[in-house]
Amino acid sequence: MTLLEMSVLYDTSAAAIRMRMVQLREEFRRTRDPDDARALQRRMAELLPLLQEARELAALTAHYYEKGYHKNGKYTL
């Protein structure tokens with residue numbers, strides 16, 4: 001598998017996480033139970049770093065070999 005192919009997978013994962021977060025936000029807006037609301041907020045907070053990482057890795061793997069591309073130091077040695 002090439003890095004470009006991996007970037008598509010990361011982008012697909014990011015889209016799935018985004019869709020789940022949209023669903024959770026809708027559930028949060030509709031809920032009247034404070035315990036459910038806290039659980040939904042906690043789940044959204046847990047998904048946020050996963051979404052950010054998937055986006056960053058999609059960009060990194062898509063452009064890794066391009067000249068002049070500034071790589072994210074978080075993912076390079």
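The expected span of a helix is 1.5 Å times one less than its number of residues. Keep that rule in mind for the second view of this predicted model.

View 1. The protein chain has two helices and zero strands. Along its principal axes, the C-alpha trace spans about 50 × 20 × 20 Å. The radius of gyration is 16 Å, whereas a compact globule of 77 residues would have one near 11 Å. Buried residues account for 22% of the 77 residues. The chain exposes about 5900 Å², and carbon and sulfur atoms supply 56% of that area. If we take the contacts between residues at least 6 apart in sequence, 49% of them join residues at least 24 apart.

**View 2. Helix 2 runs for 30 residues.** From its first C-alpha to its last, helix 2 reaches 44 Å, close to the 44 Å expected at 1.5 Å a residue. Look at the start of the helix to find Asp-33, where a side-chain oxygen comes to within 3.1 Å of the backbone nitrogen of Asp-35. Buried residues of helix 2 include Ala-37, Glu-56 and Leu-60. The buried residues of this helix pack against helix 1, which covers residues 3–30.

**View 3. Nine residues form the largest nonpolar core.** Its members are Ala-14, Ile-17, Met-21, Leu-24, Leu-40, Met-44, Leu-47, Leu-51 and Ala-54. Helix 1 and helix 2 each supply at least two residues of this core, and the largest share, five residues, comes from helix 2. As background, nonpolar side chains tend to be buried together in soluble globular proteins.

View 4. Which residues does Leu-24 contact, leaving aside its neighbours within four places in sequence? They are Leu-40, Arg-43, Met-44 and Leu-47.

**View 5. Thr-61 is a buried residue of helix 2.** Thr-61 lies in helix 2, which covers residues 34–63. Is Thr-61 buried or exposed? Thr-61 counts as buried because its relative accessible area is 9%, and the cut-off for buried is under 20%. Not counting residues up to four places away in sequence, Thr-61 touches Leu-3, Leu-4, Met-6, Ser-7 and Tyr-10.

Notes. Residues are numbered from 1 along each chain as its sequence is written. This is a predicted model: local features need pLDDT of at least 70, side-chain atom pairs count only at pLDDT 80 or more; totals for chains, interfaces and linings use all residues. Side-chain values use heavy atoms; hydrogens and water are left out. Helices (H or I, at least four residues) and strands (E, at least two) are DSSP runs, numbered from the N terminus. Buried means under 20% relative accessible area, exposed over 50%, partly exposed in between (1.4 Å probe, protein chains only). Contact means heavy atoms within 4.5 Å. A polar contact is a pair of N or O atoms within 3.5 Å; within protein, one must be able to donate a hydrogen and the other to accept it, and residues adjacent in sequence count only if both atoms are side-chain atoms. The radius of gyration is taken over C-alpha atoms; the globule rule is 2.2 Å times the number of residues to the power 0.38. Accessible areas come from the Shrake-Rupley method with a 1.4 Å probe; for residues, only the protein chains shown count as cover. A nonpolar core is a set of buried Ala, Val, Leu, Ile, Met, Phe, Trp, Tyr and Cys residues joined through side-chain atoms within 4.5 Å.
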